[in-house]
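Visitor: I would like a close look at one part of this model. Please put the sequence and structure up, and then I will ask.

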Amino acid sequence: MSEPCTPTDDVVVEVEHLVKCYGTGPVVVDDVSFQVRRGRTTALVGESGAGKSTIGAILSGLASATSGRAVVCGEDRSVAARSARDRSRRGRQLQLVPQDPYTTLDPTQRVGAALLEAAALRGVPRDQRPARVAELLDLVGLGEAHADLVPRSLSGGQRQRVAIARALATRPEVLVLDEAVSALDVSVQAQVLNVLNRLQRDLGTAYLFVTHDLGVVRQIAHDVVVLRAGQVVEAGTVDAVLGDPQHEYTQLLLASTPRPGWVPVAR
Ligand SMILES: Nc1ncnc2c1ncn2[C@@H]1O[C@H](COP(=O)(O)OP(=O)(O)OP(=O)(O)O)[C@@H](O)[C@H]1O
Ligand SMILES: [Mg+2]
């Protein structure tokens, strides 16, 4: 078993006054605070360049914070992991499905081998790994035939699903999904969202779900954080924020989202 968060901990991700500047550049994450609760989904929405992926990168250890805290399962991730053991523990606590899976999938490694490796990292006994790989492929709607392919032989949506399957292989406490379903057509998107909802119900996995699609937010999230130019402009439950947005930026986002009865503004 991995080291789970303390069972009584309701909050599995706590971002507090997080600030990020890349090098000597401008502030791209500007005093951001929010939480992700156990077994719940927090959506992070906002325009391109708002700082969403940067927050995911800090939580997963791919980027450092300039100041503030990014606490996952009680451990501050703005402090770099000191050892391979620390990194491995952090990997079992939180996994990132990156916006561009090309950046993390090994281009020479076949899908099946990548998933076998992930299952091994999770401590699945050797003889049970092939069954786990088949189960993971099935979860995200891929077949055994895909196991023999390398990433460049897959479509963008298939690659995205491999990245999700690989992240799920470690059964993390927290999954950060960065636009993970955005490239999928609606039927596969619905299938993946159903899988994520089911896993949350069965395993209590918490999700930080980065998306620009407010329709998806309604389907999957409990809480939502609206980010603009690195700052939180509005946050709360999905019902409250999308049902009665207080900030004009949230109102603008909602007004530009197609939904039943939506009429495009005439040009
Ligand atoms: N490695 C980097 N070095 C320098 N600047 C960066 C780096 N990564 C991101 N930025 C800058 O930080 C800002 C926030 O980028 P980020 O990728 O977090 O935005 P985002 O909200 O994920 O946008 P999108 O919706 O387009 O994915 C942008 O202005 C971007 O140019
Ligand atoms: Mg991004």
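Visitor: In which sense do E1 and strand E4 (residues 67-72) pair, and over how many bridges?

Guide: E1 and E4 pair in the antiparallel sense, over five bridges. Some ground rules come next. This is a predicted model, where local features need pLDDT of at least 70 and side-chain atom pairs count only at pLDDT 80 or more, while totals for chains, interfaces and linings use all residues. Residues are numbered from 1 along each chain as its sequence is written, chains are lettered from A and ligands numbered from 1 in the order in which they are written, and side-chain values use heavy atoms, with hydrogens and water left out.

Back to the strands. Helices (H or I, at least four residues) and strands (E, at least two) are DSSP runs numbered from the N terminus. Two strands pair if DSSP finds at least two bridges between them. E1 and E2 make a hairpin with five residues between them. In its turn, Gly23 has a positive phi of about 55°.

Now the ligand. The residues around ligand 1 include Tyr22, Val28, Ser48, Ala50, Ser53 and Gln99, each with a heavy atom within 4 Å. Helix H1 (residues 52-59) gives the most to this shell: three residues. Polar contacts are pairs of N or O atoms within 3.5 Å. A side-chain N or O atom of Tyr22 lies 3.3 Å from a nitrogen atom of ligand 1. Ser48 brings a polar side-chain atom to 2.6 Å from a ligand oxygen atom. Ala50 uses a backbone N or O atom, 3.1 Å from an oxygen atom of ligand 1. Taken alone, ligand 1 exposes 640 Å², and the protein buries 57% of that (Shrake-Rupley method, 1.4 Å probe).

Ser53 sits in helix H1, and Gln99 in the loop between strand E6 (94-97) and helix H3 (111-121), 46 residues apart. Ser53 is partly exposed at 31% relative accessible area. Gln99 is also partly exposed, at 44%. That class lies between buried (under 20%) and exposed (over 50%), with a 1.4 Å probe and protein chains only.

Methods: Polar contact = N/O pair within 3.5 Å; in protein donor to acceptor, adjacent residues only side chain to side chain.
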